[in-house]
Amino acid sequence: MDSYDTSESTPRQSASSRLKDYFIGATPLQKRLESVRKLTSFIPTPPRRKIPQCSQLQEDNDPQKVAFLLHKQWTLYSLTPLYKFSYTNLKEYSRLLSAFIAAEKQKGLAVEVGEDFNIKVTFSTLLGMKGTQRDSEAFLVQILSKSQLPYGNREHKVLWTGWFCCIFGDSLLETVSEDFTCVPLFLANGAETNTAIVGTWFQKTFDCYFSPLAINAFNLSWMAAMWTACKMDQYMAATEFLWSVPCSPQSLDISYAIHPEDAKALWDSVHKTPGEVTQEEVDLFMDCLYSHFHRHFKIHLSATRLVRVSTSVASAHTDGKIKILCHKYLIGVLAYLTELAIFQID
């Protein structure tokens, strides 16, 4: 279905079907991104990556905005470059998106934005949310409910939040013209119906398209290793894994929790390359976990499917859900997710 064709949408459509229609359509931008596809479709997984570190640019960010982004569950999407997007027009975009949501509401779509459509849309930049100065500035979009209280007592409740970023996105930045703004990673928190409406507006306005960003078991293993390698100053949570065992009539899940000090000790025993993580170390780290589990429970975890990992740094699920827990390694987590998002632009 073409991403611009929404004439057949009805109020009876489920949120998930609308998301599918809105986020995997083809646009003219696909032709312009042919070079990106050729590059990203055949790039092998890097055999080594740097252990996530703080970025000097993080010093410029707003602590309150960063705190708002942490400890929330975000749904991940990959996003093609935005055509003719301008950071100087954020107020105008707020007005236009508000009007678009109102129009969609009048068409009968179930947008969960409060009674009488009493909402406000805001766009704002997220300063310091980048890996290098060359990266596009991250920005935040929020749908807020307008308070019915007198002006002096007004409070706005956040109904939906989405943010766009590009962390160390050189592989994409080098392949597109200056007319495009590259923010390949999109994270959303809130009702899927709102995500679908906002996604449709962006597609129509900036000639782009979204696609859900899943995280396979291979990449979850990398995340577990990299996040275990991070040095924590204070907060330490257990390292947890969840494996899925397909069986009839329903699947079986196996949960495996490890004390953070034990997980770090295991990682230190296999880690030989200061400042970075290698594919060999990731494989050895996971193999040790599999062997330990089999020795105690006689179950071969390698025959199951890894679906979730959780550490003191962040937690991630194969269905594209992530929760970032540590401000110190925020940029490092986003850098890896940006890499995955760019690889998916095909």
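Colleague: How is the packing of two helices described?

Modeller: Two packed helices are described by the angle between their axes and by the distance between those axes. In this predicted model, helix α8 (residues 217-229) and helix α11 (residues 330-343) pack at about 160°, and their axes are 12 Å apart. That angle makes α8 roughly antiparallel to α11, since angles over 145 degrees count as roughly antiparallel.

Colleague: In which hand does α8 cross α11, and which residues make the contact?

Modeller: The crossing of α8 past α11 is right-handed. On the α8 side the contact is made by N219, W222, M223, M226 and W227, and on the α11 side by V333, Y336, L337 and L340. Sorted by class, the contact of α8 with α11 has eight nonpolar residues, one polar residue and no charged residues.

Colleague: At what angle does α8 pack with helix α10?

Modeller: Helix α10 spans residues 279-297, and α8 packs with α10 at about 95°, with axes 9 Å apart. The two helices, α8 and α10, are therefore roughly perpendicular to each other, because the range for that description is 65 to 115 degrees.

Colleague: Which residues of α8 and α10 meet?

Modeller: From α8, the residues are F218, S221, W222, A224, A225 and T228; from α10, they are Q279, V282, F285 and M286. This contact of α8 with α10 divides into seven nonpolar, three polar and no charged residues.

Colleague: How do the axes of helix α9 and α10 cross?

Modeller: The axes of α9 (residues 260-270) and α10 come within 9 Å and cross at roughly 130°. Helices α9 and α10 are therefore oblique to each other. The passage of α9 across α10 is right-handed. Here A263, L266, W267 and V270 of α9 make the contact with E281, L284, F285, C288 and L289 of α10. By class, the contact of α9 with α10 comprises eight nonpolar residues, no polar residues and one charged residue.

Colleague: How can empty space be located?

Modeller: A probe the size of a water molecule, rolled over the atoms, shows where empty space is left. In this structure there is one cavity of 30 Å³ or more, and the largest cavity holds about 30 Å³ of space.

Colleague: Which residues line the largest cavity?

Modeller: Its lining consists of S78, L79, T80, Y209, S211, Q344 and I345. Divided by class, the lining of the largest cavity has three nonpolar residues, four polar residues and no charged residues.

Colleague: Turning to the backbone, what is the phi of H71, and where is H71 placed?

Modeller: The phi of H71 is near 65°, a positive value in a residue other than glycine. H71 has its place in the loop between α4 (63-69) and β2 (73-79).

Colleague: What phi does F168 have, and in which loop is F168 found?

Modeller: F168 is not a glycine, yet its phi is positive, at about 55°. F168 is found in the loop between β6 (157-165) and α6 (170-173).

Technical notes
Residues numbered from 1 in each chain as written. Predicted model: local features only at pLDDT ≥ 70, side-chain atom pairs only at ≥ 80, totals over all residues. Heavy atoms only, no water. Axes fitted to C-alpha atoms, helices over the stretch in contact; angles between N-to-C directions. Helix = DSSP H or I, 4+ residues; strand = E, 2+ residues; numbered from the N terminus. Parallel < 35°, antiparallel > 145°, perpendicular 65-115°, else oblique. Left-handed = near helix turned anticlockwise from the far one by under 90°. Contact = heavy atoms within 4.5 Å. Nonpolar A, V, L, I, M, F, W, Y, C, P; charged D, E, K, R; others polar. 1 Å grid on protein atoms, 1.4 Å probe; cavity = no way out; pocket = protein on both sides within 12 Å on 5 of 7 lines; lining within 4 Å. Points joined across faces, edges and corners; volume = space filled by probe spheres on them.
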